[in-house]
Amino acid sequence: MKRIKTVQTLSRAASAALFLAVQALICIGTVYWAIAETLGMAGTAALVLGTIFAVPSVYVLTIAARMAYDAETDPANQ
């Protein structure tokens with residue numbers, strides 16, 4: 001079957017991806033903050049830790065967007 005791509009389904013996919021992205025960033029940011037504060041990191045150490053957290057964060061956000069697009073454009077869900 002062919003995927004349904006209309007303005008409505010794409011806007012729903014964008015909304016779902018944004019919702020999941022915000023939730024993921026809140027969770028990842030909380031873990032980052034807890035680790036940085038527990039270890040007393042500041043300056044360069046905090047930036048290095050932020051960079052380490054950025055790679056999995058981008059992966060999680062990509063997966064969330066892909067899942068939202070797949071779910072919202074699937075003909076079985078319409």
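1. Let's start with how helix 1 and helix 2 meet. In this predicted model, helix 1 covers residues 7-38 and helix 2 covers residues 44-73. Their axes come within 8 Å and cross at roughly 155 degrees. Because angles over 145 degrees count as roughly antiparallel, helix 1 is roughly antiparallel to helix 2. The crossing of helix 1 past helix 2 is right-handed.

2. What classes of residue make up the contact of helix 1 with helix 2? There are 22 nonpolar residues in it, along with four polar and two charged ones.

3. Next, a check on the length of helix 2. With 30 residues at 1.5 Å a residue, helix 2 should span 44 Å. The C-alpha atoms at its ends are 43 Å apart, so the two values agree.

4. While you are looking at helix 2, find alanine 54: a kink of about 25 degrees lies there.

5. Which residues of helix 2 are buried? They are Ala46, Leu49, Phe53, Ser57, Ala64, Ala68 and Thr73. Do take a moment to pick them out in the structure above.

6. Finally, a residue to look at in the other helix: threonine 9 lies in helix 1. Its relative accessibility is 3%, so threonine 9 counts as buried, the cut-off being under 20%.

How values were computed
Residues are numbered from 1 along each chain as its sequence is written. This is a predicted model: local features need pLDDT of at least 70, side-chain atom pairs count only at pLDDT 80 or more; totals for chains, interfaces and linings use all residues. Side-chain values use heavy atoms; hydrogens and water are left out. Axes are lines fitted to C-alpha atoms, for helices over the stretch in contact, and angles run from 0 to 180 degrees between N-to-C directions. Helices (H or I, at least four residues) and strands (E, at least two) are DSSP runs, numbered from the N terminus. Angles under 35 degrees count as roughly parallel, over 145 as roughly antiparallel, 65 to 115 as roughly perpendicular and the rest as oblique. A crossing is left-handed if the near helix is turned anticlockwise from the far one by less than a right angle, and right-handed if clockwise. Ala, Val, Leu, Ile, Met, Phe, Trp, Tyr, Cys and Pro count as nonpolar, Asp, Glu, Lys and Arg as charged, and the others, Gly among them, as polar. The expected span of a helix is 1.5 Å times one less than its number of residues. The bend at a residue is the angle between axes fitted to the seven residues ending there and the seven starting there. Buried means under 20% relative accessible area, exposed over 50%, partly exposed in between (1.4 Å probe, protein chains only).
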